[in-house]
Amino acid sequence: MCERTTYYTFAGSQRNLLQRMGFSNAQSTSMNAAFSILCYITPLLGGWLADAQLGRYRTILWFAIIYVVGNGLAAVSAWPTLQTTWLYLFSTMALVTLGCGGIKPNIANFGGDQYDTSDPQQQQDQKSFFNYFYLVINIGAAVAYGYLVTLATNGQPPGIPQDYGFFAAYAIAAGCFFLCVGVFVLGTPRYTRKPPGGDSLRGLIYYMRCAASAGSWKGIASVIGWALLLLFLCVAVAQAFITDTTVAMALSYASFGLSVVACVVLVWVHCDNRYLDGILDEPRGMMSLEEAKATLDTVPTLIVVNIAFNICYNQMSGTFQAQACQMNLMVGSGQINGAFFNIGDCFAIVLFTPIYEMFLLPLLGRLQRSPVTGMQQVVAGLVVAALARSEERRVRNEWRS
């Protein structure tokens with residue numbers, strides 16, 4: 001919860017502080033998007049370290065410390081008489097994103113490790129844990145969007161002048177996260193701490209490399225697809241920091257083209273992974289061939305669902321906030337931050353998760369005489385999101401007319 005409070009405080013206010021530091025509206029929006037991209041790239045490192053080297057507990061602990069240091073330096077960089085751009089960018093784009101990368105892929109799984117799934121009751125409790133985990137982290141997001149982002153941009157006179165708003169918001173977030181790390185350490189004796197499970201990433205690379213080396217067209221296409229995806233991420237981040245508008249726009253189009261080609265290739269290749277048949281199991285036992293095929297079978301679903309979901313979801317930190325700048329956001333004598341409206345997402349999750357878990361899923365399961373599958377839940381969520389965006393478009397068109 002504290003980590004999400006910190007993350008969304010940065011995500012919701014970063015654009016405003018970068019503009020105060022002299023960046024244009026377009027570039028500050030791009031840099032804010034790059035911050036989010038980095039927070040989704042670095043979990044690859046955090047997940048690999050936990051699986052192959054450190055285990056989840058130590059990965060979470062060490063990266064949480066990096067996160068706290070980044071929070072503190074970001075607060076220092078926002079002190080009005082300093083306003084140090086390089087320190088702010090280093091603390092957020094390097095330390096905070098790196099810390100996020102160690103926590104994001106491991107904290108939920110570490111919580112799941114505390115359940116004995118051989119016990120049917122604990123297995124069911126584990127499923128409930130993941131739903132309530134998502135609920136709790138959205139309480140943290142609600143604190144960030146409901147109070148801290150507005151505190152950052154407006155301060156809270158007379159106690160906190162507007163010039164000190166960013167410092168105060170980041171300092172509060174850093175204090176919350178420091179407290180969070182302390183509580184996490186205090187619980188150490190009670191945790192189930194599983195050892196690293198093996199270098200599964202190296203196992204996947206082994207099978208794809210063997211297929212490509214054997215001359216399999218799909219094996220070669222898979223390697224090219226993953227390489228293009230990594231190149232796309234690098235270009236997408238780099239273009240956010242380019243000050244030349246023409247170059248930045250060219251890189252933006254290039255990154256979009258790379259992403260389209262990479263996703264099409266990877267969906268096509270991994271819809272059928274029988275091209276891996278015949279490859280000998282990875283010699284160090286990191287991952288069997290069947291495990292590799294089962295993992296790669298999920299790639300098309302992950303790509304398609306994540307594209308559909310994130311096109312909608314990431315509007316909240318970009319275009320929705322830009323649109324809010326055209327609205328009258330005065331409340332009484334003060335003005336709220338445009339990111340405040342993201343609190344609607346948090347409240348929806350906090351309010352509806354218990355209803356969903358305790359009433360809706362059991363009811364639907366009884367009606368169809370079988371448990372509701374994960375894919376059914378995903379499809380239902382995407383349909384609701386599509387209907388919501390359609391309604392949003394209708395309202396916007398009415399407002400324009």
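**Reading the aromatic rings**

A: Both Tyr-7 and Phe-35 are buried, where buried means under 20% relative accessible area, exposed means over 50% and partly exposed lies in between, with a 1.4 Å probe and protein chains only. This is a predicted model, in which local features need pLDDT of at least 70 and side-chain atom pairs count only at pLDDT 80 or more, while totals for chains, interfaces and linings use all residues. Residues are numbered from 1 along each chain as its sequence is written, and side-chain values use heavy atoms, with hydrogens and water left out.

Q: How many aromatic pairs are counted, and at what angle do the planes of Tyr-7 and Phe-35 stand?

A: Rings of Phe, Tyr and Trp (its six-membered ring) pair if their centres lie within 6.5 Å, and planes under 30 degrees apart count as stacked, over 60 as edge-to-face and the rest as tilted. By this rule there are 17 aromatic pairs. In one of them, Tyr-7 and Phe-35 are stacked, with 5.6 Å from centre to centre and 15° between the planes. Because Tyr-7 belongs to helix α1 (residues 2–20) and Phe-35 to helix α2 (residues 25–41), the pair ties together parts that are 28 residues apart in sequence. Helices here are DSSP runs (H or I, at least four residues), numbered from the N terminus, as are strands (E, at least two).

Q: What is the arrangement of the rings of Phe-166 and Tyr-170?

A: Their centres are 6.2 Å apart and their planes stand at 55°, so this pair is tilted. Phe-166 and Tyr-170 both lie in helix α8 (residues 165–186), 4 residues apart, which is about one turn of the helix. Phe-166 counts as buried at 1% relative accessibility, and Tyr-170 counts as buried at 0%. Ring pairs also link Tyr-7, Tyr-8, Phe-10, Phe-35, Tyr-88, Tyr-145, Phe-166 and Tyr-170 into a cluster.

Q: What describes two packed helices, and at what angle do α13 and α16 cross?

A: Two packed helices are described by the angle between their axes and the distance between the axes. Axes are lines fitted to C-alpha atoms, for helices over the stretch in contact, and angles run from 0 to 180 degrees between N-to-C directions. Here the axes of helix α13 (residues 299–313) and helix α16 (residues 374–400) come within 10 Å of each other and cross at roughly 30°. That makes α13 roughly parallel to α16, given that angles under 35 degrees count as roughly parallel, over 145 as roughly antiparallel, 65 to 115 as roughly perpendicular and the rest as oblique. The crossing of α13 past α16 is left-handed, a word used if the near helix is turned anticlockwise from the far one by less than a right angle, with right-handed used if clockwise.

Q: Which residues make the contact between α13 and α16?

A: Contact means heavy atoms within 4.5 Å. On the α13 side it is made by Thr-301, Val-305, Ala-308, Phe-309, Ile-311 and Cys-312, and on the α16 side by Met-375, Val-378, Leu-382 and Arg-389. The residues of this contact of α13 with α16 divide into 8 nonpolar, 1 polar and 1 charged, where Ala, Val, Leu, Ile, Met, Phe, Trp, Tyr, Cys and Pro count as nonpolar, Asp, Glu, Lys and Arg as charged, and the others, Gly among them, as polar.

Q: At what angle do α2 and α10 cross, and which residues meet there?

A: The axes of α2 and helix α10 (residues 217–239) come within 8 Å and cross at roughly 145°, and α2 passes α10 in a left-handed crossing. From α2, Ser-30, Ala-34, Ile-37, Leu-38 and Ile-41 meet Leu-233, Ala-236, Val-237 and Gln-239 of α10. The residues of this contact of α2 with α10 divide into 7 nonpolar, 2 polar and no charged.

Q: Is Lys-293 buried or exposed, and which residues does Leu-135 touch?

A: Lys-293, in helix α12 (residues 289–297), counts as buried at 13% relative accessibility. Leaving aside neighbours within four places in sequence, Lys-293 is in contact with Asn-273, Leu-276 and Asp-277. Leu-135 lies in helix α7 (residues 120–154) and is buried, with a relative accessible area of 10%. Not counting residues up to four places away in sequence, Leu-135 touches Ile-349, Val-350, Thr-353 and Pro-354.

Q: Which kind of peptide bond joins Pro-157 and Pro-158, and what is the phi of Arg-369?

A: Most residues other than glycine have a negative phi, and most peptide bonds are trans. Pro-157 and Pro-158 are joined by a cis peptide bond, with omega about 0°, and Pro-158 is placed in the loop between α7 and α8. Arg-369 has a phi near 60°, a positive value in a residue other than glycine. Arg-369 sits in the loop between α15 (343–368) and α16, and is exposed, with a relative accessible area of 79%.
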